[in-house]
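Hello,

Here is the structure I promised to pass on. Please open it alongside this note. My findings follow below.

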Amino acid sequence: MAQENEQPDPKVADGKKHFFIVGGSLGGLAAGLVLRQLGHDTTILERNPTPVLEHQGAGIVAGGDTLAFFKKHNRCDRRIAVTSHRRQYLDKDGNVIHKEDMDQNMTSWDLAYYLMRANYDGVENAYCMVPDAKPTDGKAVHLHDRTVTDIQARDDGVEVSWTSSRGEAGRVQADVLIGADGPSSTVRTLLAPEVQRVYAGYCALRGTRDVSDAARESFCERFTFFHAPGVQILAYLIPGPDGAVEPGKRLINFVYYTNFPEGSTELKELMTDKHGKRRRITMPPGLTAPAAWEKQRKIARERLPPQFAEIVCATRKPFVQAVTDVISPTNEFLDGKVVLIGDALAGFRPHTVASTSQAAFDAMVLGDYVSGKVSREEWKRQTLGFARFIQKRGVDMGNRSQFEDLPLEEHIRDRNAASVPREEEVYPEWATAI
Ligand SMILES: Cc1cc2nc3c(=O)[nH]c(=O)nc-3n(C[C@H](O)[C@H](O)[C@H](O)COP(=O)(O)OP(=O)(O)OC[C@H]3O[C@@H](n4cnc5c(N)ncnc54)[C@H](O)[C@@H]3O)c2cc1C
């Protein structure tokens, strides 16, 4: 990231600033942590009405930038991942038809979140001890129930308007505003309203379950896949409750991609929750309508290898994500007073296993820019290069997997391409153009 002999941009290298961050998920927390540890004051505005986001996510493949982020910015002493040692592919009968030795680290969304909260604003939790702040750290404020609704440029920064679920409203003044508010970003929509988030034609059905004897052989410390026309399912082991990484406490996490055409009855059924509310993008854990889920269980038994059918059918709180595409044309607006990071900048398809890494990388390279270690041009080039290149890769991988009938070798090739460390990727010119 940081390169020698580059001139810092004076606008950001001239002393302590107050950064406001919209969104308190992994991207917002990563940025808050990096900037705070550089001595800047930070305030996160998160729309969720409760003080913490919890029990909504499942597994995360912790890529190189996620691990690098935690190595550098996490002051809690604990293991953050479970290592899978092998990739393997099954046929419909459940036989292993291809395997490769490869270490990959898997964590859980909750563990990543609580580690970041413990480090950022000292939230006590069952996952880790809260580390001491350093005297050089800037302020870290996390405000929940703050939905950002408007942004106005001012001479010396940005005025940000928010509302709460209790009908309150307010305004704050930021030196710099960071939009870490996810793929449907309000910040991006206010500044680039032409950018649309578009449904890709399939959903990811997700969930976790305990490690049964039947599942142990197929999924313990293995990253296991199955492909069929219009279907892909994968599973891996993740930390269990409270982030436990010990055998016996870990969980199996699965992601099951299956096609649901736009406007179809099947999509409507799946995305209408048990209270009758139609959800556009996400069906949170525990809210799937029982009849709709029963139908998916039946389909899973018919078309998945037995080991995968077993974990899908046994999951107690499934959740669903409609797979979508979105990318912003740029990562900064209002002459650098507003910056987009993570999913707000580019929402990747999950096949890339790179969304958390993007959030971590964007936060770290932003820190390099703010501290003057890289130039504005280099910061933009690196951030946009990652966003554009991986976003396109996700579209290609997903479309090939869901809408083409390919031999297994092609799926393996796509998957292996997505595992190349970021430092070894050579971005084409279109990706880094600024
Ligand atoms: C609850 C939750 C669970 C997830 N679970 C998984 C998982 O299991 N596996 C996985 O790989 N990825 C998961 N993700 C996605 C993953 O966190 C992201 O892809 C990645 O880490 C980058 O995230 P981000 O912070 O850029 O965006 P996001 O994670 O989408 O977070 C955006 C945040 O901004 C907040 N927000 C949105 N609009 C506003 C507004 N107007 N004002 C204030 N706040 C706003 C949202 O409430 C949210 O907390 C999950 C995300 C969330 C929010």
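How far apart are the end C-alpha atoms over residues 199-325, and how much of the chain there is helix and strand? The ends are 7 Å apart. The stretch is 28% helix and 35% strand. Please keep in mind that this is a predicted model.

**Annotated domains**

Residues 199-325 carry a UniProt label, from an unreviewed entry: "domain: 2,6-dihydroxypyridine 3-monooxygenase substrate binding". The unreviewed entry also gives "domain: FAD-binding" for residues 20-194. Over residues 20-194, the chain is 23% helix and 36% strand. The end C-alpha atoms of that stretch are 24 Å apart.

**The six-stranded sheet**

Six strands make an open sheet with mixed pairing. Their order is β6-β2-β1-β10-β18-β17.

β1 runs parallel to β10, with four bridges between them. Ile 21 sits opposite Ile 178 in β10. β10 is also parallel to β18, through three bridges. Leu 177 has Val 338 of β18 as its bridge partner. Val 338 also stands opposite Phe 333. β17 and β18 (residues 338-340) are antiparallel, over two bridges.

Are the two faces of β10 covered or open? Both are covered. Val 176 and Ile 178 lie on one side, Leu 177 and Gly 179 on the other, and all are buried.

**The three-stranded sheet**

There is also an open sheet of three strands, β7-β8-β9, with antiparallel pairing. Its edge strands are β7 and β9, each pairing on one side only. Neighbouring strands here are turned by 20 degrees against each other on average, direction ignored. β7 and β8 (residues 157-163) are antiparallel and joined by seven bridges. Val 148 stands opposite Trp 162 in β8.

**Ala 174**

Look next at Ala 174, in strand β9 (residues 169-174). Why does Ala 174 count as buried? Ala 174 counts as buried because it has 24 C-beta neighbours inside 10 Å, and the cut-off for buried is 20 or more. Beyond residues up to four places away in sequence, Ala 174 touches His 18, Phe 19, Phe 20, Gly 157, Val 158 and Val 160. Met 271 is another matter: Ala 174 and Met 271 are 38 Å apart, C-alpha to C-alpha. In sequence they are 97 residues apart.

**Around the ligand**

How many residues surround the ligand? There are 32. The closest are Gly 23, Gly 27, Gly 57, Gly 182 and Gly 342. The elements that give two or more residues to this shell are α1, β3 (59-62), β7 (147-154) and α9 (355-370). By class, the shell has 12 nonpolar, 15 polar and five charged residues.

Best wishes

Note on methods:
Residues numbered from 1 in each chain as written. Predicted model: local features only at pLDDT ≥ 70, side-chain atom pairs only at ≥ 80, totals over all residues. UniProt positions renumbered as here; feature names shortened; annotations may be inferred. Pairing = 2+ DSSP bridges. Buried ≥ 20, exposed ≤ 12 C-beta atoms within 10 Å, placed from the backbone. Near = placed C-beta within 6 Å. Nonpolar A, V, L, I, M, F, W, Y, C, P; charged D, E, K, R; others polar. Contact = placed C-beta atoms within 7 Å. Axes fitted to C-alpha atoms, helices over the stretch in contact; angles between N-to-C directions.
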